[in-house]
Amino acid sequence: MIKFIAACAQFAVTPLAVRENVQKAVHWIERAVRETDAQLIVLPETLTTGFTPGVPVEDLWNLVDSLPGDMTARSPRWRAA
């Protein structure tokens with residue numbers, strides 16, 4: 001069995017504010033690693049757009065990014081795993 005530290009970050013997601021929500025996630029990921037040395041951080045399920053029933057699928061597709069993409073590019077301050 002491999003032992004590791006897991007952390008959970010639960011925070012308010014702003015509906016349809018993808019960049020803002022990703023920035024919040026990065027903050028909480030960095031804090032979890034800094035304070036606990038977590039190797040796994042669990043984030044809210046609807047992190048990027050929030051739970052947005054009634055929003056047309058086409059509108060959601062226009063908000064999200066591809067993988068890899070701009071939102072997933074490594075920040076220079078992140079160290080390689």
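The model is predicted. Its largest nonpolar core has eight residues, while a nonpolar patch on the surface brings together Leu16, Val57, Trp61, Leu63 and Val64.

**Inside the core**
- The eight residues of the largest nonpolar core are Ala7, Ala9, Phe11, Ala25, Ala32, Ala38, Ile41 and Leu47.
- In soluble globular proteins, nonpolar side chains tend to be buried together.
- Pick out alanine 32 in the view: setting aside residues up to four places away in sequence, alanine 32 touches Ala7, Asp37, Ala38 and Ile41.

**On the surface**
- Together, the five residues of the nonpolar patch have about 460 Å² of accessible area.
- Valine 64, one of the patch residues, sits in the segment after helix H2 (57–63).
- Valine 64 has a relative accessible area of 32%, so it is partly exposed.

**A buried threonine**
- Threonine 52 lies in the loop between strand E2 (40–42) and H2.
- With a relative accessible area of 14%, threonine 52 falls under the 20% cut-off, so it counts as buried.
- Beyond its neighbours within four places in sequence, threonine 52 contacts Pro15, Leu16 and Leu60.

**Two positive phi angles**
- Most residues other than glycine have a negative phi.
- Leucine 16, however, is not a glycine and has a positive phi of about 65 degrees; leucine 16 is in the loop between strand E1 (6–8) and helix H1 (18–36) and is partly exposed at 36% relative accessible area.
- Aspartate 37, also not a glycine, has a positive phi of about 60 degrees; aspartate 37 belongs to the loop between H1 and E2 and is exposed, at 55% relative accessibility.

Technical notes: Residues are numbered from 1 along each chain as its sequence is written. This is a predicted model: local features need pLDDT of at least 70, side-chain atom pairs count only at pLDDT 80 or more; totals for chains, interfaces and linings use all residues. Side-chain values use heavy atoms; hydrogens and water are left out. A nonpolar core is a set of buried Ala, Val, Leu, Ile, Met, Phe, Trp, Tyr and Cys residues joined through side-chain atoms within 4.5 Å. Buried means under 20% relative accessible area, exposed over 50%, partly exposed in between (1.4 Å probe, protein chains only). Contact means heavy atoms within 4.5 Å. Patches are made of residues with over 30% relative accessible area and no salt bridge: like charges are joined within 9 Å, nonpolar side chains (Val, Leu, Ile, Met, Phe, Trp, Tyr) within 5 Å. Accessible areas come from the Shrake-Rupley method with a 1.4 Å probe; for residues, only the protein chains shown count as cover. A salt bridge is a side-chain nitrogen of Lys or Arg within 4 Å of a carboxyl oxygen of Asp or Glu. Helices (H or I, at least four residues) and strands (E, at least two) are DSSP runs, numbered from the N terminus.
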